[in-house]
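Here is a short briefing on selected residues and their surroundings. Keep the sequence and the 3D view open while reading.

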Amino acid sequence: MPALLKGFFDRLLLPKRAYRVKKNGLPEGLLSGRTGRVIVTTDSPWWYLRLVGDTTVRHVRQTTLRFCGLRGVKATRLGPVKGSTDELRATWLSKIERIAQSDAGRFGDARVGQAVAV
């Protein structure tokens, strides 16, 4: 995981808010019952990621977010970024806005505007 992203998670997912350590020393995720979505940009073709695995998404989903109790984390990949045009990137932003509205409607969450992009 890129250091900048790791630092972001370290500052966002704080002890006693996102997780706690029980008396037996094991962690307990405090965000259980919630879902999430990881949005990543990529230059790798989809078939390559299927072949070798998308390690960044897997790590964020299975290690970082699951540690805090989130389950059902979906991934949305946008790319290739290299050589993309302003118009294509605007299309991606529109797509993410539609997905955010859909996710919020499905889960009854009116806080769509509070999403954070890294």
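Leaving aside neighbours within four places in sequence, which residues is Thr64 in contact with? They are Met1, Phe9, Leu13 and His59. The model is predicted.

**Thr64 in helix α3**
- Helix α3 spans residues 55–67 and includes Thr64.
- Thr64 has 15% relative accessibility, so it counts as buried; the cut-off for buried is under 20%.
- Met1 is one of the residues that Thr64 contacts, neighbours within four places in sequence being left aside.

**Thr76 in strand β4**
- Strand β4 covers residues 74–78, and Thr76 is found there.
- Thr76 counts as buried because its relative accessibility is 6%, and buried means under 20%.
- The side chains of Thr76 and Arg37 are joined by a polar contact of 2.8 Å.
- Arg37 is also among the residues that Thr76 touches once those up to four places away in sequence are not counted.
- On that count, Thr76 touches Val38, Ile39 and Val40 as well.
- Lys95, Ile96 and Ile99 complete the list for Thr76.

- Tyr48 belongs to helix α2, which runs over residues 46–52.
- The relative accessibility of Tyr48 is 38%, so this residue counts as partly exposed; that class lies between the 20% and 50% cut-offs.

Notes: Residues are numbered from 1 along each chain as its sequence is written. This is a predicted model: local features need pLDDT of at least 70, side-chain atom pairs count only at pLDDT 80 or more; totals for chains, interfaces and linings use all residues. Side-chain values use heavy atoms; hydrogens and water are left out. Helices (H or I, at least four residues) and strands (E, at least two) are DSSP runs, numbered from the N terminus. Buried means under 20% relative accessible area, exposed over 50%, partly exposed in between (1.4 Å probe, protein chains only). Contact means heavy atoms within 4.5 Å. A polar contact is a pair of N or O atoms within 3.5 Å; within protein, one must be able to donate a hydrogen and the other to accept it, and residues adjacent in sequence count only if both atoms are side-chain atoms.
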